[in-house]
Structures are given as C-alpha cells and as structure tokens.
Amino acid sequence: MNILQSYIAGRWVGARAARPLASAINGRVVAHTHEETIDFGESLAHARGTALPALLRTHFQDRARALKALAAYLLEHKERLYAVSAHSGATRADSWIDVEGGIGTLFAYASIGGKDLPSSNVLHEGPPMRLGADNHFIGSHVLVPRRGVAVHINAFNFPIWGMLEKFAPSFLAGMPCLVKPATATSYVAEACVRLIVESGLVPDGALQLVIGGTGDLLDRLQEPDVVTFTGSADTALTLKAHTNLLRRSIPFNAEADSLNCAILAPDVTPEDPEFELFIKEVAREMTAKAGQKCTAIRRTLVPRHLTDAVAGALKARLAKVVVGDPAVDGVRMGALASKAQQADVAQRVAQLAERCEVLLGERDGFAPRGEGVADGAFFAPTLLLAREPATSDAHHVEAFGPVTTLMPYDDFDEALHLATLGRGSLVGTLCTKTPALAARAVPTFAAWHGRMLVLDREAALESTGHGSPLPRLKHGGPGRAGGGEELGGLRAVKHYLQRCAVQGSPTMLSAVTGEYQRGGAVTESEVHPFRRHFEDVEVGMSLLTHRRTVGEADIVAFGGLSGDYFYMHFDEVAARESAFGQRIAHGYFVLSAAAGLFVSPAPGPVLANYGLENLRFVTPVAIGDTIQARLTAKRKIDRPPRDGQPLQGVIGWDVAVTNQRGELCASYEILTLVAKRASD
Ligand code: NDP
C-alpha cells in the first residue's frame, strides 16, 4: 500500500493509512494519506531553529545557484514525476505544464537571482534621495529576509508548478517553506518533494511537506511569517480572516478562482486570421488540463452577429477532441482530478444551464476512451450560450472544468462592461486587429485584470497563450481573483522580504546597503582599480583622475569622427542664442573623454565594458572648461561559473565628471566584467 508521508523536521512522517486517493482515470486507489497528526510546533521550531540560520548563512547568489542545481536535478529525474502525474488525469501536455513549467520556473528564478540580486542578504532598492541641501543626509530602502517561515497552501490542479512557483522566490528570499498541497493530488507533490530531499541541495528544514490538514499551524504563526494560498475564493476568505493572521499582520497572498473572459472584438470577421486564432485559444483553454486552470476562459464574449459562426467553429473544433485515458493513442483531453471535482463541475454546469442553452455537452454521446474509464473523473467539453449575458450566472458561478459560456454583445462598450462583471480576473484576452481598439479597451480591462493578452495575427506567431502565467510577468488578479500577486520576476522575491526605509549619511548608507552612495567616504586606491581582480576590488575604492581642458579642436574632431554636427556644437550664432549662450561639447565626447581619463589601457582583469546606466548630463562642458572624473567601485555582483568563460563578476562603477568649478557635468554607472584571481 502506498502511504504518503509528510516531511517534517528532517524526517518522513506517516505509516498508517487514512484517506484513499483515487486515480482520476479509473478510480483505482493510488495512495493513502497518513493518519498520524503532525506536530506543527516541532515543524516550525525546526524551520526557525535549523533551516533559517542555515539559509541566512548563505546569500542571494548562493541560493540562486542552489535553485539552478535543483532545477537541473529535477529535470534529470522528470520522468518519475510524469509517471505519478498521469494518475491525476493529466495528458503528457498537461503534465508538461506542471512538471517542466515548474522546473522552468526554478530555472527562471535562479537566473533572476543570479543577475539581479547581490552576494549578501541586503537588497538595496534605490535610487537614494537627498534629504538635505548639502548631501549629508540621504534616504533609501533596503529589503532583507523576514526571518520567518513561508506557509504555502496549494491547489490540486498544478501540484508541482504550484509548489515550485512559490518555493523558488521564497527560498531565494531566505525563507524556509512549509508546503501543504491539496489532498486530492498530494501524491504528485509528495513525489516532487522526495526528489528535492534526495537531491541534498536544499538545507535541512528549508522545505517541509504537509500531507493532510493544517491543524493548528496557522495559530502558531508569528509576525515574520507569510501565508500564500491558491484555491477557492471561499477557502481564501476563511483563511485570510484567521484571527492569528489578522492579529499579527501576517501577510496573506491569495490567488483564487476567477471567471476570466476572452473578447472577440467587433472589427474581426470570420475571414480574418484573428477569428480562427480566437476559436483555437478558447478551445485550448477549455481542454488543456481538462479546463482545470485558474486562468481558463470561462466567459467567451463575441459580437452578437457572429454568435452562430463562433458557436459552429467551436463545436466543430471541440468535437474533434478525443477524451479518455491519456495513455491511449490519440487522446487529447484527460480527466478532472477527482470524482469530487467531477460532481462539483456537473452541479455548476446544471446551475448555469438553468438560464443558458447547452450547445455542446454530455448529452451528445460522450464516451471517454480507455479501460476502466467509467470509474474515472471525465467530463465532456461543454459549451453554453447565454443570450442575455448581463444577467447570466456565468459571471459568478465557476465550473472548474472544460466549460465556457458564450456571451453575445451588441456594442464594444457593452463587452467591456460585461468583462468587469466577473468582479476581478487573473487574465483576459482581447482578440482584435485594430491597435486603436486595444488602446481603448486595455485601460478599462487593466483595472479589473491581473494580465491581458492582446491577440492578433502578429502576436500569434510567438504567443505563449492566454493561459500561461510566466515567471517574469505578474500572476494574480484583483477582486474575486484573490487580490494577490505572484511571480513577476524580482517582484515575487520582494514579497518574501521586508522593506525598510533607511536614513543617514552617505557613508552610513554605503555601509548599510553594500553599495557606494555618492558623497560617502571613499578609499583612494593606490593601485588603479582596473588593475585589480574581482575579489580585490572593495566597494568604495576610488580613483580621482588627472584633468583635461576641452578645446574647440576636440569638438571639431569629435564632430568629424561621429558625423554629429548639431548646431549646439558647430553653429556659433545659434549656440549663442540658445539657453547655453555658447557652443558646448557633445555629451558623448564628455563620456569618451572621461573614459580616456579613467581607463587603465594595459590588458588586465577588466574583461569588458558592457554598458552604462542612469546617464545624466548635468552641467554643459564649454570650450575652455577643464574636466576631471572620479571612478568609484559602487557595487559588485558575483557571477556563477560558465563553461568556456573565465571566472568573473560584474562591477558597477560610479562615475562623476566635474568641471574646474567642481560642478557635476556627467553622472552615470558603468558596468564591467572583471576576472577573478582564480581564473588566472
Ligand atoms: P480549496 O479552496 O478547497 O482548497 C485549496 C487548498 O486549501 C487545498 O490545499 C486545501 O486542502 C486547502 N484548504 C481547504 N480548506 C482549508 C482550511 N480550512 N485550512 C487550511 N487549508 C485548507 O479548493 P479546491 O482545491 O477544493 O478547489 C476548489 C475550487 O477552487 C475549484 O473548483 C476552483 O474553483 C478553485 N481553484 C482555483 C485555483 C486557482 O489557481 N486560482 C486552482 C484550483 C482550484 P485540502 O485539499 O486538503 O482540502
């Protein structure tokens, strides 16, 4: 008998069978939950006492590297996950979203961490601002690990992706996680956690698994902890109103069911490629994962005169979808996750059908393919039509399966209004070929949606689709969708960090943020900073260059080289009449001349200059002015080793170019790749 186990305080818990969990395909028991209750006091003590200190001994970059290694490990063993996932009724394509989508999210966060986070546990969120006239007092923000535990309560539909998309940013942020998968598919999440534990890549206690209920877990949480939730709006409401969470202001992020819509704009005709794209998108969202996607299109809004055309095209496409055991050749849609879901969806469809026409559904001779499927949790693709959409139940009743309701509209403003009746959605699609319509619609949509797909023939060439949350784009929507935010690149990591405003002198803020702040104390470097390896450059090391007087010949020569004969540099009369009252040097000449002042020309550890940021030309440089540059190591970003490349890191250098009066002429940060000593 396969008894699932929780992973608590470094050991697997569970030996006695409790609730049986059935295969969605044929109803056979796949696993049992365990009967033993979990000691959440012990679990949290382990997370706080063992995992947290271990995580805080590492920094963002270390954890990004661990995530990458973990992603590679899971990828290597992915077939074990596919095998288990099949019991949940998923086709190979559905499992791909869960398994490789989840692993891809780990890779994405490893990359985001590697590129955008420092080799410390203090993330500076600049730019700093002057709070006094003479730059002795500045303010900025830092984000630091919350020193708490993240509790993730997940939905049944994507047991791996749902776990990893929350684990990745919380782990990067240095939070131990307690993951509670939905019971119905907890055997899939358990298989994944077993692999993670086996990998040895995650510190002891940094990921604990809860099979079954949460007991007194929420009562035991403390101020630095965080709770995230994906599932139904009703459970979200119960949990977010938990007294202990409210009393201690414990952040609660909810991603709940949402009644997403897709709108076929009135400019599209059945002859346009956009019409076919729209049909494909709606059909795909109905059938992928048997419609059990929080992003699935539940409301399909079409111009009234195209209702029959859309209904006909959708019915034709859906009629071709073979439903059954995904192991059988040709099957394109699997089962719902459980018999309970099947009953729930049937009940919701019945409710919707009271005031809708059923254009396609079970009565049309639905017969899933495969052995034993009569005991499975299959559901026929179901197309409903609400001829009076303003009063349709489809704006508030969600059938979490392969179900959509067609809603005809008379004019575009009505369509935009109908979209808002879902009271907040994760995602919406607008299919149009007219940019002006998109420009008109999206601001209205955006107030009610977490994400918008504007679909036309050009985007379709590369579109990732209506239903795919992407690691670098925000996932989560307002109102009914839960009001939360997940993913969105670095934003997700910041949700698990605590932001604090810091005020003080530039020298103090340099020390606190680990980044040199202009005006702070510098260390004059005897050795040219460009002659130092990555490890030997310290933030604040600085070089004040020799000076250079800019003459007319410089301007003429630079104009000749670049072909830039702008009047401000070459037309004495026009320049005199301009705001500057005289000819001035090209800004790009000032940049080039500054580089000439501060570079160290001989070959050395600086491998490349790959860009500059935050460039501002402040005071113009006139003929006869004398400029000087100060180059100061501002920040260091370690880089993981890459095949075929010398070991290296990125150094951001603060550059201030001043004139003979000490006025700031140009200000920017240059980014260089610098070799490590070990690479020699
Ligand atoms: P639920 O809200 O019932 O469950 C979601 C998660 O919360 C599960 O892990 C569940 O655990 C847990 N949970 C439920 N009650 C409590 C509680 N009192 N304390 C702590 N944890 C709790 O949603 P379902 O998974 O049953 O799905 C129902 C509906 O949710 C779907 O029909 C759909 O409408 C929506 N949904 C939305 C998703 C989204 O991504 N936005 C995804 C999936 C579903 P357990 O399983 O053990 O009960």
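Before looking, I wrote down that a nonpolar core is a set of buried Ala, Val, Leu, Ile, Met, Phe, Trp, Tyr and Cys residues joined through C-beta atoms within 7 Å. I also noted that the model is predicted.

Entry on the cores. I found that the largest nonpolar core holds 148 residues, and that Leu 67, Ile 160, Ile 263, Leu 301 and Cys 431 have the most contacts inside it. This core lies between domain 1 (6-123 + 145-256) and domain 2 (260-470), because both give residues to it. I then looked up Cys 431 and, leaving aside its neighbours within four places in sequence, found it in contact with residues including Ile 263, Val 268, Phe 278 and Leu 455. There is also a second, separate core of 31 residues, with Met 541, Ile 555, Ile 584 and Ala 633 among them.

Entry on the ligand. Which residues come nearest to the ligand? Of the 23 around it, I noted Ala 155, Gly 231, Ser 232, Thr 235 and Cys 294. Helix H7 gives the most to this shell, with 3 residues, and I counted the shell as 9 nonpolar, 9 polar and 5 charged residues. Domain 1 and domain 2 both contribute to the shell, so it lies between them.

Entry on Tyr 668. I located Tyr 668 in strand S27 (residues 664-675), where it is partly exposed, with 17 other C-beta atoms within 10 Å. Tyr 668 and Leu 591 are 77 residues apart in sequence, yet 9.5 Å apart in space, C-alpha to C-alpha.

Technical notes:
Residues numbered from 1 in each chain as written. Predicted model: local features only at pLDDT ≥ 70, side-chain atom pairs only at ≥ 80, totals over all residues. Buried ≥ 20, exposed ≤ 12 C-beta atoms within 10 Å, placed from the backbone. Domains from an automatic or database assignment. Contact = placed C-beta atoms within 7 Å. Near = placed C-beta within 6 Å. Helix = DSSP H or I, 4+ residues; strand = E, 2+ residues; numbered from the N terminus. Nonpolar A, V, L, I, M, F, W, Y, C, P; charged D, E, K, R; others polar.
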